Amino acid sequence: MKVSAVVLAAGQGTRMHSDTPKVLHLLCGRPMLSYSLGAIRQAATEKPVVIVGQATDKIKEYLGDAAECVVQEPQLGTAHAVLQAESLLRGRTDLVIVAYADMPLLRAETYGRLVARQSVNAGPLSLLTVMAQEPRGFGRIVRGVGGQVAAIIEEYVATPEQLEIHELNVGAYCFQSEWLWDALHRIEKNPRKGEYYLTDVVELAAKMELPVQAVLHDDWTETIGINNRVHLAEAEATMRERINHQHMLNGVTLSDPASTYIEAEVVLGRDTIILPNTHILGKSVLGEANIIGPNTIIRDSTIGNRCKVLASVLDGAVLEDDVDMGPFARLRRGAHLASHVHVGNFGEIKDSYLAPGVKMGHFSYIGDATIGENTNIGAGTITCNYDGERKNPTEIGEDVFIGSDTMLVAPVKIGAGAKTGAGAVVTRDVPADTLAVGMPARGIKKLQRKPKKS
Ligand code: UD1
Ligand code: CA
């Protein structure tokens, strides 16, 4: 049996008050659309069709070949949106799932239940409903004689009696393909808003005396939809809880899940401990038995096993095993710390490789450098890598001892086993096994000013 899917993502998203299309707003680091699409891709057998309206290029670029894109222009409502997929799907599939891209918390299994129910339904459609105390503006499920689903009534046209109904339309459906297209053509424009409502197909089926199946869902947290930024924050909190929960079940300790922010694509190894107020973001991958935090931000970084990162910020960095850093260290893009490196407080490192066993205890800046094994970087050492025009490299060999407050004026090389005295300003290469001392800045020379850029 062929199961296709249409994901509606063309709405204006007016209630978001945003220049970004609603479905590209981020939820735990990934666009909202990616969640419904991911779930749908598991429940369907065919490539999903995404209906887009706003910023179509941005959305198409994001989707790549993960979905077929169809533009709905103008956007005349949810029924009109589904119709845009008719020419792609009619006559080519058995069942059609229709999902709304602003319902990111619905799981693949939930769409799966809908498909399973519809595949044994003699009638033309099954839909997902939920019982909720708070209606959140959702359509109400009206049941007729014998408890049969008779209609979906949108909140703004509902009678006071209908407003009291607690069974809500979640906005996920599974249709018999051929029936769907015919039904959509028969839907009339809603006189109040001038839109064609997909929800009207339910009443149509009921009037034709065809059975509509309701799959009543018991987890209301999955049915949080996003129409405004209050909803966005609620959905983010729920998604965060879900992510944290899964990591804990996989063997990661979160000492305070409520203050632990782990984005959707992060990978964490077992026995890693995450302490409070820690953010692990982007495409970060952490191995086993690390102790991270408190008060740490890690973005797009790779960390091996048994590292300790205390109150530090890492962005685009690599730590191998048994690295120990912080508090208050900052690793920027391209910082690579090999095993057993120690970085203490107030160190900053970017685009540099620190070989195994390098120690850098206090107050240093290392940029565009490579540092050999077991070298010690004294307190206050600076690689002066920028001469005002370009970045220059520093190469330090193994077993070097850089004295406190050394200025390494790049480009410069320090040979293996060399030492620099405290406060040295090194402007020339230092050969292996030699000692460099003193400050060279005795002369003052005339500079040629660069013309200002216009
Ligand atoms: C819709 C349902 C409502 C349900 C609620 C739950 C209708 C008429 N109402 O209301 O019964 O309780 O979802 O989530 O369907 N879209 C398009 N093209 C359009 C209009 C909308 O692609 O012309 C897309 C939107 O991008 C969105 C989805 O369809 O992803 C739903 O539209 P939205 O305006 O959010 O509908 P709701 O008011 O939430
Ligand atoms: Ca919505």
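The charged end of Lys 419 sits over the ring of Phe 401, 5.9 Å from the ring centre. A charge counts as over a ring here if NZ of Lys or CZ of Arg is within 6 Å of the ring centre and within 35 degrees of the ring normal. Lys 391 does likewise with Tyr 386, lying over its face at 5.4 Å from the ring centre.

This is a predicted model, where local features need pLDDT of at least 70 and side-chain atom pairs count only at pLDDT 80 or more, while totals for chains, interfaces and linings use all residues. Side-chain values use heavy atoms, with hydrogens and water left out.

On to rings meeting rings. Rings of Phe, Tyr and Trp (its six-membered ring) pair if their centres lie within 6.5 Å, with planes under 30 degrees apart called stacked, over 60 edge-to-face and the rest tilted. That rule gives 4 aromatic pairs. One of them is Tyr 100 with Tyr 173, edge-to-face at 5.9 Å centre to centre and 65° between the planes. Since Tyr 100 belongs to strand E6 (residues 95-100) and Tyr 173 to strand E10 (residues 167-176), the pair ties together parts 73 residues apart in sequence; strands are DSSP runs of E, at least two residues, numbered from the N terminus.

Phe 328 and Phe 346 are stacked, because their ring centres are 5.4 Å apart and their planes at 20°. Phe 328 is partly exposed, at 48% relative accessible area, and Phe 346 is partly exposed at 45%.

Definitions and conventions:
Residues are numbered from 1 along each chain as its sequence is written. Chains are lettered from A and ligands numbered from 1 in the order in which they are written. Helices (H or I, at least four residues) and strands (E, at least two) are DSSP runs, numbered from the N terminus. Buried means under 20% relative accessible area, exposed over 50%, partly exposed in between (1.4 Å probe, protein chains only).
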